[in-house]
Amino acid sequence: MKGTTTSALRCMVFAITGAIVGLFTMPPTPAVAQVQGNNAIYSSTGSIVPSSAFIDASQFIGTGTDHSGNVCGAIYGILSGHFPSSFSATIGAVVDARGISGSTALTCPSGTTPWSNGSTTVSAPSTILLPAGTISTLSTWILPANTHLIGEGDGIPSGSSTPGTTIQAGSGFSGSTVIQFGSAVGTGITVENLTLDGQGQSINGITNEFAQNASYVNHISLYRIHGTGLLIEDSANNSGPYSNITFNAGFTPPSTTVCAQIIGVTDGTHGIHGLICATETTSYPNAAVLLDSSNNSIEDVRVEGFSDGILVGEYGNAQSNVLANISGDTPNGTTSVNVIHIANVGNTVTDLSIVGVSNVGGFGTITIKDDPTSTSLPDASVGLYALGEQANGGHSRFTTSPNAATWVSGTTAPTSSCPASASGSLYSNSSGSGGNLWVCPATTGGGAWKNIR
Amino acid sequence: MKITRISVWSSWTFFAPLICIGWLLSVPTPALAQCNNSTGFNTVYGNCRGTATTQGSFAMVDATQFGTSSTDICTAIANILATYNPTSGGTSGIVIDARGFASTGLTCNNGGVSPWSNVSGNFASVILLPAGTIALYETLKLPTNSKLVGAGSGSTTFRACTTATGCSSNFSGSDMIDMGLGFATCDVSTGKAPDYPAVVIEHLALNANHIQNLNGIVNDCAQELSSVNDVALANFAPGGIGLWLNDHSDNSGPYANISYSGSGRCAQIFNSSTNKPSNLNQTRGIHGLTCAMSGSENAIYLDAPNNSLEDVYISGGSTQDGILIGSQANAYNNVIFNVRGSGLRNVIHICGTTTCGATPYNVTDLTILGVGVVAGSGDSIEDDLTNMTLPSPYVGMYILGEQVEGGSSSIGYSRFTTSPNGNPTVRAATWLVGSKPPTTGACAAGSLYSCTDGSNCNTTGELYTLWGCQGSGGWKGIR
């Protein structure tokens, strides 16, 4: 009896001990099944539970099943559903890859991007947060609709500055552009806060041929891109704005290197707003910005190191465009330098409004060169230049530059002569005496203002 | 001996648990309940009683732990705001992460009360919304310092509720989102505070679900630091306005990267004539707007001073105007550039004093740069004030100044355009420049032509620099 009691007591004590030890040593088990890469949060009971607010891609870096050795493979594994996560191919998710580091993990092998593995592609919507550092790639990143690619900051590398996130086209890059907006007409593609480094290859930086509404670029640096930094073409209607873009071609770019081009977009875009185009050479590429499309706005632009700042209508019709706050800072080299150059090569260029152009490139540079009207304005700055349409053998046009036909207002009758470049100008004398309206005569070499009676 | 052995064993087995319990209680284990493991807090590694362990971080509070269901995000948001706002002894602000909610079956149903209704003062909140469609039962009224951020205008959608589309009740209210707490709270004519600053809406879509008279985003009184970016507005019905900047939204904006589809109005900027003179409803503009119009309503109503509309595309029908200016209130000193229209009656329509309604309003000092008709046979600009219609597919510049008095009556308006065209017979007076004298052909009466090359400007043995168009009489040199 005593033995029975002792045994029972012993069993009870062990049971209590086991339960207590088990209670204290047991991890705070999630109330629901853990999902790899999910964020961890505290529940109302104090236990740690997963949240699908975002998926941490660093948990998929490694070897073996459900892992990849590089950031592209890890993201692709999540987006494609090959790796077990809470990702929904229909709704998408936020994929946080900021925890991935190291040159090996940041090197994407040929044929692998976050959205492709060989010939297999995924098109799920997502927000991708890229890590700081340089991600090397050998293939074009084709972003599907409703994809938001966000880095940790952009910039042009220098001795004292390293950009936050760089996507670098490795030697032997196989595509024609580093990033492509979609492969068919769609919406909602954005790229922000990162740098693209072409390493001097003749490739494009960002190409948008298909993405329309809600597709834009913000805070992007384009470095050593020797093709076209930003190419907007064809079906990219109503895309943009393309904002806060810094382009630096680096050393020895070919003459065909272009900072940005808009061409053949039928319905127009929401414009390029905030653009710096520069090179680090005295052998200037031909043109920084090519505007060969209608219904666009380009504003807040600075150009340094190109023969033409903005070349309008060289490769396509360009009508009803607005250019505002354009600054050129290219010294006069061996060729002519124009901040804005309106081409006359057979394409239609009409209804172009230019507001605020300046030229700090020094002697011999032209602020606006208008080939259709054979006008060159050497002014350091021009407030307004509006080129309308052809009519009656001339062009409707108005400019505030005194180096072309303009309208001058004064409070006395003009006494000095006017230059030949200002022939056709009007002068309004508001004093009420000495003649009210005057014209600058079209005599060779200019001459004295003539009163219109 | 056996007894002794049992006694020793019994003693050990009796005391062992006590020793164990004592040890467990005395060691600074990750005593989570005594450190920071507040509900919904993000888990990070920290130092709790001298030991590195997981702890909660207030950096983000996950809304999934505050809901009454796995799908109602607004009740969860309301619960968090009620828990942490200053009146509850909370902090000065919070980031609420609702991205962890289930991706299907989402609702926003806080019993007809905006989730921010418990917020007072300047409590700041950032709400991160999940991707997916959220059935919206009530108006979201965003107070000062509130930021609503989705996963993208193609990913996060609030859809106004109807029972026909699976909701338990229909949407209550006239607006889907109010920037500020609604007109009644900020009408200066009633002495209410006019400003709820720093209200931001980004990366989401509003689906009005074809509900009549339902507005999308209405800003009655959110001013400085308030803006909208990357927002899609879809399925709006007649009587509804997608983006309505009403009366006291001064200095708010820009309203950027917005797309709209529906048969209501795409956008309106309105300044009531009963406003105090200091309230002009001048904003930082709408920059980047696409309006896909069905029905018969005009797309954009501009009825306030000192605004900019930039990078706008409007498609619609042949009875619709793209931008209608001055039909509801005075509109002066506005700037419009890069506007394209497709299929419209007019891309831009400037109302005369009574051509758009019985009540006269004034439109002056309007600058338009870059207008295009990309499809259809409509006009670029109809200006009722100067009786001018420009049919050309493109207009570079059209600047309407102010009325010019002659004696006691108006004799016209100061105006300049680069368009040499007009419709049907009246052309716009412009100024042409050429290196040779003007050729024959139609010209707008009153236009000027400057011949700029002296070697080419002789005609009939006389040099003319300046020419004037006499209408059907052609050009005549001016001596």
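Biologist: Which residue is the bridge partner of A:Tyr427 in E33(A)?

Modeller: Happy to start there, and please keep in mind that this is a predicted model. Strand E32 (residues 426–429) of chain A pairs with strand E33 (residues 437–439) of chain A in the antiparallel sense, over 3 bridges. In E33(A), the bridge partner of A:Tyr427 is A:Trp438.

Biologist: Nice! Which strands are the edge strands of the open sheet of 4 strands?

Modeller: Let's take the strand order, which is E30-E32-E33-E35 in chain A, with mixed pairing. An edge strand here pairs on one side only.

Biologist: Now to chain B. Is B:His203 buried or exposed?

Modeller: B:His203 lies in strand E11 (residues 199–207) of chain B. The relative accessible area of B:His203 is 17%, and the cut-off for buried is under 20%. Because 17% falls under that cut-off, B:His203 counts as buried.

Biologist: Which residue of chain A does B:His203 touch?

Modeller: Leave aside residues up to four places away in sequence, and look at what B:His203 touches. Among them are B:Val149, B:Gly150, B:Thr156, B:Asn229 and B:Asp230, in chain B. From chain A comes A:Tyr216.

Biologist: Which strand gives the most to the lining of the largest cavity?

Modeller: The lining includes A:Asn213 and A:His270 from chain A, and B:Ser153 and B:Asp230 from chain B. Two strands of chain B, E13 (227–236) and E15 (255–262), each supply at least two lining residues. With 3 residues, the strand that gives the most is E15(B).

Biologist: And how many residues of that lining are charged?

Modeller: The lining of the largest cavity has 3 nonpolar and 7 polar residues. The charged group has 1.

Biologist: Last one! Which strand supplies the largest share of the lining of the second largest cavity?

Modeller: Residues lining the second largest cavity include A:Phe306, A:Asp329, A:Val337, A:Asn338 and A:Val339. This lining divides into 4 nonpolar, 6 polar and 1 charged. The largest share, 3 residues, comes from chain A's strand E24 (residues 337–342).

Methods:
Residues numbered from 1 in each chain as written. Chains lettered and ligands numbered in written order. Predicted model: local features only at pLDDT ≥ 70, side-chain atom pairs only at ≥ 80, totals over all residues. Heavy atoms only, no water. Buried < 20%, exposed > 50% of the residue type's maximum accessible area, 1.4 Å probe, protein only. Contact = heavy atoms within 4.5 Å. Pairing = 2+ DSSP bridges. 1 Å grid on protein atoms, 1.4 Å probe; cavity = no way out; pocket = protein on both sides within 12 Å on 5 of 7 lines; lining within 4 Å. Nonpolar A, V, L, I, M, F, W, Y, C, P; charged D, E, K, R; others polar.
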